[in-house]
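Please walk me through this structure. I would like to learn how to read its features one at a time.

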Amino acid sequence: MKDLRNLTEAEMQDLAKEAGQPAFRGRQLFGWVYKGRTDFREMTNLPEVFTAWLEENARIDSLKLLARQASKTDGTQKFLYGLPDGNAVETVFMKYKYGNTVCVSSQAGCRMHCAFCASGINGLVRNLTAGEIISQLMDTERETGEKVSRIVVMGTGEPFDNYEEISRFIRILHEKDGRNMSSRNFTVSTCGLVPVIERFSEEFPQVNLAVSLHAPDDELRSSLMPVNRSYPLDQLIPACRAYTEKTGRRITFEYALIRGKNDTDESIGKLIHLLRGMLCHVNLIPLNEVSETGLLTSGRKRAEEVREKLEAAGIPATVRRQLGADIDGACGQLRLKAQQAAESED
Ligand code: SF4
């Protein structure tokens, strides 16, 4: 049985042909799927014979809501969804002035083992399918009753470690008979897999790219992010420059401020040296503390000082608004808690 949220419009037309229907029925089906319908009987312009065939041969996988946290202060909501094989993924819904945004996960777990992150603590379980990533959007709209206009792929997982499904996910949501989402409304965040950054800038020049930088030199970055041992800064930064030159798009560098580690004046001086002259923007994140990592946040006051230093050096920077500060803010925390609870019950 095929999960229809995994199929492109052309593949849905092929499915209609397989069912003995003309291709345009596949286009109609595609339209219904992206209107959020999951019951074939509600797809009122499809003939009965096709509806019956779909009930036998296809499915639309909704995710099972396992937990939900809602901020009382800013409308942020965090969801823990169950996958059919028993794994769980986190999705965050955020309200911004320019529209609603969801932050989706691309993998169950992560193999990158960044020192500050709850998602990588137990390693990678598996890649998500494009349909499971799309379901995070569709089911969050169902749960909140609100439309989402922007998607950031910044939840659990390294999207470029699951490139085929991430590209399929973007292509499907971009199709005009479905969600018709502009490429510019997607942001994909990577920890710095250099060869994939190069491929991505060729294939998706309109999609925004964010790079988790978090340190201005190799020694510190390798200690925080093991990926840096494979792709050190003298490879990563030129790949980022090449992305901006090829696409004409500004790249975002994520920099989580960790007290005494990467927030000293010396570190910020190195950061300025590294990024000066690049078409970029630095997103400073007061670290969300995860007790398992033992790392401490620099706090908002220091984050503002760092922002001023960067701006004075001509590098645009913002301090990320602390969304949902009254709920488990760090990515992966909800999933980690659920895992720990399940383990303690074993
Ligand atoms: S920060 Fe991202 S890449 Fe690093 S371990 Fe966490 S999910 Fe993986």
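Predicted model: local features only at pLDDT ≥ 70, side-chain atom pairs only at ≥ 80, totals over all residues.

Q: How many salt bridges does a search of the whole structure find?
A: Side chains of opposite charge can pair when their charged atoms come close. A salt bridge here is a side-chain nitrogen of Lys or Arg within 4 Å of a carboxyl oxygen of Asp or Glu. The search of the whole structure finds 29 of them.

Q: Where in the chain do Asp 14 and Lys 17 sit?
A: Both belong to helix H1 (residues 9–18), and because they are 3 residues apart there, about one helical turn separates them. Helices (H or I, at least four residues) and strands (E, at least two) are DSSP runs, numbered from the N terminus. The side chains of Asp 14 and Lys 17 form a salt bridge, at 3.8 Å from N to O.

Q: Is Asp 14 buried, partly exposed or exposed?
A: Buried means under 20% relative accessible area, exposed over 50%, and partly exposed in between (1.4 Å probe, protein chains only). Asp 14 has a relative accessible area of 45%, so it is partly exposed.

Q: Which parts does the pair of Arg 111 and Asp 161 tie together?
A: Arg 111 and Asp 161 form a salt bridge whose closest N and O atoms are 2.7 Å apart. Arg 111 lies in the loop between strand S7 (107–109) and strand S8 (124–127), and Asp 161 in the loop between strand S9 (150–153) and helix H5 (163–174), so the pair ties together parts 50 residues apart in sequence. Arg 111 is partly exposed at 48% relative accessibility, and Asp 161 is partly exposed at 21%.

Q: Are Arg 179 and Glu 141 buried or exposed?
A: Arg 179 is buried, with a relative accessible area of 13%, and Glu 141 is buried at 10%. The two form a salt bridge, with the closest N and O atoms 2.8 Å apart. This pair links distant parts of the chain: Arg 179 is in the loop between H5 and strand S10 (186–190), and Glu 141 is in helix H4 (residues 130–144), 38 residues apart.

Q: Which residues are linked in a network of salt bridges?
A: Arg 5, Arg 68, Asp 139, Arg 142 and Glu 143 are linked in such a network.

Q: How many disulfides does the search find?
A: A disulfide is a pair of cysteine sulfur atoms within 2.5 Å. A search of the whole structure finds 0. As for cysteines, Cys 103 is buried at 11% relative accessibility, and Cys 114 is buried with a relative accessible area of 14%.

Q: At what angle do the axes of helix H10 and helix H11 cross?
A: Two packed helices are described by the angle between their axes and the distance between the axes. Axes are lines fitted to C-alpha atoms, for helices over the stretch in contact, and angles run from 0 to 180 degrees between N-to-C directions. The axes of H10 (residues 265–275) and H11 (residues 299–312) come within 10 Å and cross at roughly 35 degrees.

Q: Which residues of H10 and H11 meet?
A: Contact means heavy atoms within 4.5 Å. Asp 265, Ile 268, Leu 271 and Ile 272 in H10 meet Arg 302, Val 306, Lys 309 and Leu 310 in H11.

Q: Which residues is Glu 18 in contact with, leaving aside its neighbours within four places in sequence?
A: Glu 18 is in contact with Lys 2 and Trp 53, once those neighbours are left aside. Glu 18 lies in helix H1 and is exposed, at 54% relative accessibility. Glu 18 and Cys 117 are 99 residues apart in sequence and 45 Å apart in space, C-alpha to C-alpha.

Notes:
Residues numbered from 1 in each chain as written. Heavy atoms only, no water.
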